[in-house]
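Please examine the following model with attention to its metal site and to its charged side chains. The paragraphs below lead from the former to the latter.

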Amino acid sequence: MFIHQIPSLIPRIFPKLIWEGNHDQDEPNVYFTFDDGPCPEITNFVLDELNKYEAKASFFCIGKNMVKFPALTQQILAHGHRIGNHTMNHANAWKMNPISYLNEIKACDDVMAQMGIESIGFRPPYGRLRPTFYHEIAETQPIFMWSILTGDYNASLDATDVIASCKKAIKPGSILVFHDSLKAFPLLKNILPALLQHCVQNGLKPISL
Ligand SMILES: [Zn+2]
């Protein structure tokens, strides 16, 4: 379920992918990230929870969702969080030709530019990329992966188990992936508050990328 150790092949093919955030002894930061939004109610829930713990986070938004929910998109920024590119339509790099895929990224970048959003970078949907167009993306923006996949989208997982596994894995610099989506909400609503509380109680500061 979790990807804690990255198969050595991936960093060799894609050397510029970012799997861990900045951290040091004095500033033990962790990075909560939320993919696939914005989504009414779910994103609001996430914003409320982050506020309770004075946490800042990163939202890798889908372009078409930002177009559909511009006020909610601006709310994310108004709360001091940051937004990155997750393609226009949640594109699957393994099923598209390079031109179409790069257009998906550009369309999402254009939406952000029109909304006055300074993107933090790109996260590929499904974590999928292809060597044929990886370099072109990596030259223009940081590509953020993760160190802890919470699996919140998998309804068959047990919240208590997920919380326990994540607590064991979280360390300074960890990048955690959640989803502000309807599908993820049944798990998200339990694991997000628990993991925020765990981090804050253990001196780990959630900040944006
Ligand atoms: Zn996604």
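Which protein donors hold the zinc ion, and how far from it do they lie? This is a predicted model, in which local features need pLDDT of at least 70 and side-chain atom pairs count only at pLDDT 80 or more, while totals for chains, interfaces and linings use all residues. Residues are numbered from 1 along each chain as its sequence is written, and side-chain values use heavy atoms, with hydrogens and water left out.

The zinc ion has as its protein donors D36 (OD), H86 (NE2) and H90 (NE2), at 2.0 to 2.1 Å. Donors are N, O and S atoms within 2.8 Å of the metal (3.2 Å for Na, K and Ca); water is not among the atoms, so sites may look incomplete. Along the chain the donors follow the spacing D-x49-H-x3-H. H86 is buried, at 1% relative accessibility, and H90 is also buried, at 19%. Buried means under 20% relative accessible area, exposed over 50%, and partly exposed in between (1.4 Å probe, protein chains only).

D36 lies in the loop between β1 (29–35) and α2 (42–52); helices (H or I, at least four residues) and strands (E, at least two) are DSSP runs, numbered from the N terminus. The side chain of D36 makes a polar contact with that of H86 (2.9 Å), a term for a pair of N or O atoms within 3.5 Å, where within protein one must be able to donate a hydrogen and the other to accept it, and residues adjacent in sequence count only if both atoms are side-chain atoms.

The structure holds four salt bridges, each defined as a side-chain nitrogen of Lys or Arg within 4 Å of a carboxyl oxygen of Asp or Glu. In one of them R123 pairs with D35, the closest N and O atoms being 2.8 Å apart. This pair links distant parts of the chain, with R123 in the loop between α5 (98–114) and α6 (131–140) and D35 in strand β1, 88 residues apart. R123 is buried at 0% relative accessible area, and D35 is buried at 4%.

Another salt bridge joins E49 to K52, at 2.7 Å between the closest N and O atoms. Because E49 and K52 are three residues apart in helix α2, about one helical turn separates them. E49 is buried, at 7% relative accessible area, whereas K52 is exposed, at 59%.
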